[in-house]
Amino acid sequence: MRTTCPGPNTLAARAELDAFQETGALRFVVDVENSRGCYVRDVDGNVMLDMFSHIASLPIGYNHPTMLEVFTNPRNVATLAHRPALFNLPPAGYAKTVRETLMSGAGLTHVTTQMCGSCANENAMKQVYIAVANRRRRERGGYGAGDVSEEELSSCMVNRAPGSKPYKFLSFHGAFHGRTAACLSLTHSKPTHKLDIPAFEWPIAPFPRLRYPLDDPACAAHNAAEEARCVKETCELLDADPDVVGVIVEPVQSEGGDNHASGAFFRSLRAECASRGVKFIVDEVQTGCGASGTFWAHEQWGLDDPPDAVTFSKKMQIAGYYTKADLVPDAPYRVFNTWMGDPGKVLMLEAVLKCVKNDGLVENARVTGEYLREGLHALSRAHAGKLHNVRGVGTITAVDLDSSAARDDAVDALREEGVDIATCGDRTIRCRPGLYFTPKHARVFLDAFDRVLARSSG
Ligand SMILES: Cc1ncc(COP(=O)(O)O)c(C=O)c1O
């Protein structure tokens, strides 16, 4: 570190931005050209181990040659230079690119690309509403999509029933699914996201709060009872309201505090949804693309029946969602926007997938995650009482401190030690490095954290 961070050049750049945008969230200004791999350099010449990776969205670090090649390859220029209205005018060869990238290992049969994680969740929900409305029309003896009354057509234009449906999605306390209108009604991580903004009064179920270590018999007994309670309350909410047509859940509640649940919990949820005809969406926006130690975190649950939809963004570079065939909209323009994604971002995903495959990055995340957690356990023993609840899957690893203040102080001190890492929940530090983060990088972090904890008063 050459200066404190934020240093003078960041502060000057921030003052410039202040003239025309809100800058409260600005951490430091990045010298992108001179950042490399897992290390980010700021405009003051400080080089930091990047363990947040642009909110978990930078998959293969800075200036990876495979990614740069996407932009220097003459064959890609036309795609990168023309952002198309993709669902109207896709470029030649697009189907092949999607088949070989997004559809490789998708698990589900259909994909719809979007612009960001919130767009993905928002539109996946719409596809559920459309499919459920058509199913209910058929169940009433109608013909599904074609069997719409004049009253439905006119009432939907003024946001009223029967055209506008009263359908609801169930989400979980502590969840984060984005900030667009419907997504914000599913998000319950922090009041600052929601204050003053209208929201739907949809049901919210408890998400398990597990105790650690998981293999301690007393913790295991508590956790089993806690998960059973959460499933039971979810079922009660579903049974109380036939308008609840979908459930959305994160494999790891990330913004909400890195809250985990067992495979058994998710299998129960999936089964309870299926038995009620309620659609089950898994939000893999933050957990997808390998960091969990499997390509999709939900692969670790051992589901018999896959989710009805899986949403993605961040490390995937392109956002969107996979669905089963029954969720495909019944007509064009039912789920639509101008860009519907971006073929340029699919090329970036192609580069990411090449690295994931050639360099074994999913396995790397699994191995490095274990190393990281072993190291955090060792630190919690060495600094008794200061660290709690080491947990994680792959490098999606977290640890709690005693309080928000202790956590924030530790994150500031880590920055001074040359490690940029993020927080979530009330008192959690979360690791979200890129996919090339190895035990060697984890060691750098653990040694820095050791020094920080040794200095802290506890
Ligand atoms: C699990 C999850 N879902 C959805 C979103 C929203 O994604 P975006 O910020 O791209 O709209 C996020 C963002 O952090 C997320 O973590």
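**Domain arrangement and ligand site**

The C-alpha centres of domain 1 and domain 2 lie 34 Å apart in the predicted model. Domain 1 spans residues 1–51 and domain 2 spans residues 79–357 of the protein chain, with bounds taken from an automatic or database domain assignment. Residues are numbered from 1 along each chain as its sequence is written, and side-chain values use heavy atoms, without hydrogens and water. Local features require pLDDT of at least 70 and side-chain atom pairs pLDDT 80 or more, whereas totals for chains, interfaces and linings use all residues.

The ligand sits in the largest pocket. A pocket is an open set of points on a 1 Å grid over the protein atoms alone, where a 1.4 Å probe fits, with protein on both sides within 12 Å along at least five of seven lines; a molecule sits in it if more than half of its atoms lie within 2 Å of its grid points.

The ligand is surrounded by 13 residues (a heavy atom within 4 Å), of which Gly117, Ser118, Asp283, Gln286 and Lys314 are the closest. By class, this shell comprises three nonpolar, six polar and four charged residues, Gly being counted as polar. Helix H6 (residues 117–139; a DSSP run of H or I, at least four residues) gives the most to the shell, namely three residues.

A polar backbone atom of Gly117 lies 2.8 Å from a ligand oxygen, and an N or O atom in the side chain of Gln286 is 2.8 Å from a ligand oxygen. For Lys314, the distance from a polar side-chain atom to a ligand oxygen is 3.0 Å. The protein buries 84% of the 390 Å² that the ligand exposes when taken alone (Shrake-Rupley method, 1.4 Å probe).

Conventions
Polar contact = N/O pair within 3.5 Å; in protein donor to acceptor, adjacent residues only side chain to side chain. 1 Å grid on protein atoms, 1.4 Å probe; cavity = no way out; pocket = protein on both sides within 12 Å on 5 of 7 lines; lining within 4 Å. Helix = DSSP H or I, 4+ residues; strand = E, 2+ residues; numbered from the N terminus.
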